[in-house]
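Open the model in your viewer and keep the selection panel at hand. The stops below go chain by chain, then to the places where parts meet.

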Amino acid sequence: MSHPLSRRTALLGAAATAALTAAGCSPAQQSSSASSSSAPVTVTVRLWDDQVQKAYDAGFAEFSKANPNITVKTTLVPWADYFTKLRTDAAAGNADDIFLINGSYIQPYVTGNLISEIGSDFADLRGGWSQAAIDQYTFSGKLYGVPQLTDGGIALYYNKDLLAAAGVTPADLASLTWAPGAGAGDTLLPLLKKLTKDANGKRADEAGFDGSKPAVWGYNASQDLQAIYYNFIGSNGGQFQDSTGKFVFASDQSAAAFQYIVDLINTHKVAPAASNTNANGDFARDQFLQGKIAIFQSGVYNLKNVADGAKFAWGIAPLPAGPAGPVSVVNTIVIAGNAKSKNPDAAKKVLRWLGSDGAAYIGKAGAALPAVTAQQQSFTDFWKAKNVDPTQFAKQGELKTLPAPSGANYGAAFSAWKPIFDEIFLGRTPVADGLAKAQEAANKAINS
Amino acid sequence: MTSRRAGRRRAPDFLAYGILLVGAVLTLAPFVLSVMTALKTPLQLASEPVLAPPDPVTLSNMQRLFTEYGFVSPVVVTAEVVVVVLVGQLAFSVMAAFAFAKLHFPGREALFWLYLATLMVPQVVTVIPLYTMFSAVGLRNTFWSLVLPFVLGSPYAIFLLREYFRGIPDDIIAAARIDGAGTWRILVQIVVPLSRPILATLTIITVVSHWNSFLWPLIITTGRDWQVVTVATAALQTQYNANWTLVMAATTLAIAPLLVIFALFSRRIVGSIALTGFK
Amino acid sequence: MTTPVPGTVRPRTVADRPGARRRRRVEAAWAYGLLGPSLIGISLFLVLPILVVLWLSLNHWDLLSPMRFIGLANWIDILTDPTFGNSLAVTVVFVLMVIPVQTVLGLVIALLLSRGLRGSWFFRIVYVVPWVCAPLALGVVWKWIYAPFGGALNALLGTSTEWLTTPALALPAVAAVSIWSQVGYVALFFLAGLAAIPSQVLEAAAIDGASPWQIFWSIKLPLLLPTTFFVLVTGVISSFQAFDHIWALTPGGGPDHATDVIASRIYLEAFGGAFHLGRASAMAVVLFVLLVVVTVIQQRWFAKRVTYDLS
């Protein structure tokens, strides 16, 4: 009789198990460190933007030179998963020491005492921060988060080659207007039709145009809150959320704005089908960079991506105006300290640095406009050196604006309206019906 | 008579082969297509028909997976999880099954029914409470959180092993006892060696199911440290949605090790599925 | 213990001898020692979670604020929630799409493979390949195959159908992947069932002049009843819990919740954005009860109708 699993092999197996678990080894894991005052500590920073990550990494290398006991490690969690992962992590004590967070999602973290107050330890720095940001992130008189990135307003990136091929000049983009139902005074739709081309080379304003075989889209109309629909709602005099936090996006003005966007996609076919863009927030940007979208409406957060990725000549033009003028969403993003951090002192040091000199690195790399006002010049300088003028975003931010949505349970509200919006943008649910349904669901979810 | 039968059978045989062949092509085509895509450059995928063979064959997607997208760690972590779960689950399941099959003790029937009843507990039902429990004790996103729920034995393995052990004649064990062998020696030196076929089958089942596991690792880990292959593949797909050559390289990587095991042990696996229910 | 249990180490008579009580105690100690690890594992990770999930279903918990006992509010909520009703319906439709097709196809393949053709082994192995692979990875592969732009299926058909984002097509598309990955596995069970039919029975029927069709309907199919039942029940149970490939193909429940099966709803409700862990727990309990009912019906059937021994 053979003994393939003799005691010896069993023991070997057990030993191997012990060795593996004792090592507990993940090649991706950094050595953890004790948190006594003199011992070296690692502070982890979580963010969703890879451009900002690169800028931070460069900055933290400098920071560690000045603070040899503190190593700072950044963790990138893609936007699509960012706020779901952050929540499950925060609840389980796995959130990073410091993390980027935006105004829409911050509230439950504040009420749940999961992020620390930016209190008296930062008093000397507050004067250097954008006041709008401080206001946005102050709850019951306490500030939660060090202002980091200012999104300014939204504008149009355009592909000069595609414009030229369609006989359009950048000057034609300087004062575009839209009107509900593409009625009187609408110059946006005719322009987009001129820019859109099918596989046979037919333009959307020519007979025989086949929108089901697109080659070039004029525009990135899509279910993009910050870049698209918020601005259309605002420029039609509508609101998404009222001052009490109630969702009111089913109002007539807002519905007309949604209808206009949905028509651009499904009736006029001057933008990619929603099946491509509903679930993939980067689709439009990637298509623009591949030269398949002529006008890409977006924010300063995509400036570096466009500058690095575009292999064609491009420019920036103002947002189209609606009946209520050009209205843009503005947003500031803060970086917050985890209240359960095991290294609160080191984390505070990093936060202080990010609220002062550290913010320069985001600007210097051109990644985003710092919300630390003294460091904003670095951003302008970076782009000036590249012959790019990003002032359009800041200008837009100074015009009429809408605040970004927020609420106690914004995540739940978002997941309540998202599937309904998906159907609206796909053209399968009539806009008015869908918005009414979505508004009811969102209002039910926001406070639950 | 034989010739007449052969004549009668030829046409249906031909038809049978035809159907089976179509089925085989349909079964394998997704694999072939995805591997082909993984070996193409993004440019080739975009510019040439999907069915065109990769030309030139490029390993750059696979290479970038490891160098740029950090797929070394998920492969190592998954392998560690599989090894630890395999060793623990088999050892502890063998022990439990032996107790149920060959030892007398008060409460045996009741306990066995409890074990059997837990076979009905689906994973989807336990993930929320387990997340809560692991979070409460600070074990989320650790190696232990990946292995602990499985390493102490599986009711399914215990059930199969018990059935098998019961087929081992009592005489052999009684004889060993008379020779002075203790319970542990009987288990390790007699029962285990006699159970090689079922142990081999269980080994394969455990490796397959834990290499493929997705929902639990998705919930109980975060970030790169303890990311397993399935979760890394899903994350890559979410983030690089349209970059199919890269994503297909990841799926190829997630599938390939099991295909190798399958190729090596296909006869045993195929032979044992119907016997064990191979879950 | 009053009745001797068959298949145990020692005959009952030994216990009547002096010293037997001590030996029995030693044996029981050994038994519990051997059972220890699995008993801990099963209690902590399979039994306790059921109690915890029941408790969670009576609480409001959004992960960030403290848990709050709310009695049956979650239960009332989910039982009147059209989204959860939709998920139950989607799951049932999914099961009804997958199970009949994979069972019939599996049977056909098994019948073809049981003809003893040369190369049958090759086909057996090929058909089981998808079943060994990670459902998540297969889901991602099929996501590419179904992609409207640059996907293999549309390229082959010369169309640009949006398989996964059209509500009417999404669930059939997802079900097709299920069937594709499981049909070989089902076929193997039928093959084993066919092999267990005594060849004399088939020969006798053939000598009596029964046509292959008659042999199939009157002999093979009735004798395959236990196998069929086993395949149906295990298939239903696993399809009720399907998650990985459905999630990979249509994350977030698919277009207009068209593929929002129970497992995906539970995940979304708990970890996918809504963060209602209490509601998700109540849904999980509903799923568990459904599966227990299916299993109990199966047990009854097995006890009454068939004498099918798996071992």
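Select chain C and colour it by secondary structure. Chain C of this predicted model has 13 helices and two strands. Is chain C a compact globule or more spread out? Its radius of gyration is 25 Å, while the globule rule gives 19 Å for 311 residues, so chain C is more spread out than a compact globule.

Of its 311 residues, 44% are buried. Take the contacts in chain C with a separation of 6 or more: 69% of them join residues 24 or more positions apart.

Now colour chain C by pLDDT. The mean is 88, and 91% of the residues reach 70 or more. Then select residues 1-8 of chain C, where pLDDT stays under 50. The model gives this stretch seven contacts beyond four places in sequence. Next, select residues 306-311 of chain C. Here too the pLDDT is below 50. Beyond near neighbours in sequence, residues 306-311 have seven contacts in the model.

For the complex, the predictor gives an ipTM of 0.91 and a pTM of 0.87.

Domain 1 of chain A covers 41-151 + 331-398, and domain 2 covers 154-328 + 408-446. Over C-alpha atoms, the centres of the two domains are 29 Å apart. Where they meet, 23 residues of domain 1 of chain A are in contact with 20 residues of domain 2 of chain A.

Finish on the domain 1 side of that boundary in chain A. Helix 3, helix 4 and helix 17 (391-398) of chain A each supply at least two residues there. Helix 17 of chain A gives the most, with four residues. By class, the side of domain 1 that touches domain 2 has eleven nonpolar, eight polar and four charged residues.

Methods:
Residues are numbered from 1 along each chain as its sequence is written. Chains are lettered from A and ligands numbered from 1 in the order in which they are written. This is a predicted model: local features need pLDDT of at least 70, side-chain atom pairs count only at pLDDT 80 or more; totals for chains, interfaces and linings use all residues. The radius of gyration is taken over C-alpha atoms; the globule rule is 2.2 Å times the number of residues to the power 0.38. A residue is buried if 20 or more other C-beta atoms lie within 10 Å of its own, exposed if 12 or fewer, and partly exposed in between; C-beta atoms are placed from the backbone. Two residues are in contact if their C-beta atoms, placed from the backbone, lie within 7 Å. Domain bounds come from an automatic or database domain assignment. Ala, Val, Leu, Ile, Met, Phe, Trp, Tyr, Cys and Pro count as nonpolar, Asp, Glu, Lys and Arg as charged, and the others, Gly among them, as polar. pLDDT is the predictor's confidence in each residue, from 0 to 100.
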